[in-house]
Amino acid sequence: IDTPEVDKLLTRKQTPTPHQLPPVTKSLSGLSVCFTGELQASIGGIRIDRGQAENLAKEHGLVPAKSVTKKLDLLIVSDAYTQSSKAEKARAYGTRIIQEMAFWQALGVSVD
């Protein structure tokens with residue numbers, strides 16, 4: 001690539017990647033949520049497992065779901081670029097996909 005093209009690429013406004021998106025600002029209470037992939041966040045040095053994640057979601061007024069359906073509101077992923085079957089289905093349905101750390105931040109859950 002020549003120098004002018006490199007300069008153009010470097011100054012081009014970049015679309016944020018999913019993990020750079022701003023946190024959700026509205027209340028998530030009442031929304032259905034499903035998790036996919038191995039969670040990466042931890043609390044007190046202990047990694048959050050799926051059961052704990054679902055319990056934390058319940059404590060914050062969300063309704064955990066085991067699978068992706070057309071009625072699901074949120075899919076939580078540890079890897080924003082996951083190609084899991086749940087993520088593929090969520091994309092096909094237009095379901096909002098949120099990166100795990102942004103989800104915990106939106107709930108106000110302090111994670112490591």
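Q: Is glutamate 38 buried or exposed?
A: The model is predicted, so local features need pLDDT of at least 70, side-chain atom pairs count only at pLDDT 80 or more, and totals for chains, interfaces and linings use all residues. Residues are numbered from 1 along each chain as its sequence is written, and side-chain values use heavy atoms, leaving out hydrogens and water. Buried means under 20% relative accessible area, exposed over 50%, and partly exposed in between (1.4 Å probe, protein chains only). With a relative accessible area of 52%, glutamate 38 is exposed.

Q: Which residue forms a salt bridge with glutamate 38?
A: A salt bridge is a side-chain nitrogen of Lys or Arg within 4 Å of a carboxyl oxygen of Asp or Glu. Here the closest N and O atoms are 2.5 Å apart. The partner, partly exposed at 42% relative accessibility, is arginine 47.

Q: How many salt bridges are found in the whole structure?
A: Besides the pair above, glutamate 54 forms a salt bridge with lysine 66, with closest N and O atoms 3.0 Å apart. A search of the whole structure gives a total of 2.

Q: Why does glutamate 54 count as buried?
A: Its partner in the salt bridge is lysine 66, which counts as exposed at 62% relative accessibility. Glutamate 54, by contrast, is buried because its relative accessible area is 11%.

Q: Which backbone oxygen does the side chain of glutamine 99 reach?
A: Glutamine 99 counts as buried, at 16% relative accessibility. Its side chain reaches, at 3.2 Å, the backbone oxygen of serine 78.

Key:
Polar contact = N/O pair within 3.5 Å; in protein donor to acceptor, adjacent residues only side chain to side chain.
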